[in-house]
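Below are some notes for a colleague on one helix and a few backbone angles. Please read them alongside the coordinates.

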Amino acid sequence: MCESENNITCKRVRNFSCDVCDKKFFTRAHLSSHNVIHTQEKQYICEVCNASFPRSEGLKEHYRVHTLEKPHSCEVCNKGFSDHSNLMRHYRTHTKEKPFECDICDMTFARRTSLNMHYRTHTKEKPFVCDVCGKAYGRKAWLNEHYRCHTEEKPFVCNICNRAFRRKSFLIAHERTHTKEKPFVCHVCDKAFAQQTNFKTHYRMHTNEKPYQCEICNKSFTRKFTLTRHYVAHSGNKTPYSCDVCMKSFTQKSILDRHVKKVHNLKKTYTCYLCSKSFIKQSLLQAHRLTHTFACKECSKEFTQKCALNKHYLCHTRPYVCEVCDKAFSRKYYLKSHRQVHEKEK
């Protein structure tokens with residue numbers, strides 16, 4: 001807003017539009033700064049972790065990840081944040097505001113990233129693909145969970161019987177076999193279930209809902225597994241899963257996996273140098289290495305690479321000390337920037 005000598009109020013207009021995304025700006029300088037996002041030019045590089053940014057402001061905010069500086073505080077709960085945008089997102093946990101709305105189903109979200117992931121339920125887009133078996137997922141977290149099928153990693157262990165699981169949700173469901181807890185109760189017939197998936201499948205008996213439909217004959221099913229088995233009838237091949245070694249065929253992939261493991265016992269030539277566990281493919285070994293973490297003894301923060309831990313540890317030791325005011329820094333670059341403060345004082 002602006003005000004003239006005759007007290008006439010005028011409104012600022014965003015006259016400069018981006019040719020790529022149509023976003024509008026008040027000044028040409030702001031538009032030029034925005035255009036860097038589309039050109040993917042990231043000339044500002046972090047000396048600590050090599051992360052790159054299109055703007056110097058982005059690099060300055062990123063440095064706070066290493067310095068642990070949190071200058072932006074929530075007025076409600078006093079929680080600190082390294083940049084202003086994270087603080088604004090945090091405020092929505094107090095206001096319950098969900099400004100990002102899906103234009104297909106009107107579902108709302110507090111974060112744009114959550115909306116983008118939700119869109120994939122409509123578009124069926126699955127950008128995260130397993131490089132071992134080709135299976136695709138809509139979220140990277142789901143792909144990471146899937147990798148454990150190949151690496152045989154089971155990090156979630158039952159405290160009672162020591163049985164291990166790939167997912168935490170599997171462990172929680174398993175623990176109910178010990179506690180006999182059945183928290184999911186059908187309000188129609190009062191039947192109780194230990195797992196929510198079993199409860200949902202059961203409830204479809206009352207609603208007669210069959211959400212899984214065959215794209216060939218339009219026949220519907222209450223379970224996804226039943227639909228998958230039904231597709232075999234259309235393919236004309238009752239044993240669609242073949243062994244790459246002996247060409248023997250099986251009706252289910254799980255049976256094929258057991259066959260390969262027991263009959264052929266393929267040599268595991270790729271060995272992890274950290275725990276000596278071996279794998280039949282290098283891609284499986286690479287996925288397994290991500291499960292190893294190096295923890296900081298000061299703050300318990302974990303890293304997948306030891307060199308990253310060593311760089312992080314400098315945040316605690318701060319070996320670079322200003323000879324004028326004795327203030328310490330984790331990086332030589334920070335010390336050089338700080339010295340300019342004293343030079344201006346002269």
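**Notes on the predicted model**

1. K124 counts as exposed, because its relative accessibility is 63% and the cut-off for exposed is over 50%. The model is a predicted one, and the values here should be read accordingly.

2. The backbone at K124 also deserves a look: phi is positive, about 65°, although the residue is not a glycine. K124 lies in the loop between α4 (112–123) and β11.

3. K96 also has a positive phi, near 65°, and is a residue other than glycine. Its place is the loop between α3 (84–95) and β9 (100–101). With a relative accessibility of 64%, K96 counts as exposed.

4. Does the length of helix α5 agree with its residue count, or disagree? The helix covers residues 140–151, and its 12 residues should span 16 Å at 1.5 Å a residue; the end C-alpha atoms are 17 Å apart, which agrees.

5. Which residues of α5 are buried? They are L143, H146, Y147, R148, H150 and T151. An α-helix has 3.6 residues a turn, so residues three or four places apart point the same way.

6. After α5 comes E152, which has a positive phi, near 65°.

Note on methods
Residues numbered from 1 in each chain as written. Predicted model: local features only at pLDDT ≥ 70, side-chain atom pairs only at ≥ 80, totals over all residues. Heavy atoms only, no water. Helix = DSSP H or I, 4+ residues; strand = E, 2+ residues; numbered from the N terminus. Expected span 1.5 Å × (residues − 1). Buried < 20%, exposed > 50% of the residue type's maximum accessible area, 1.4 Å probe, protein only.
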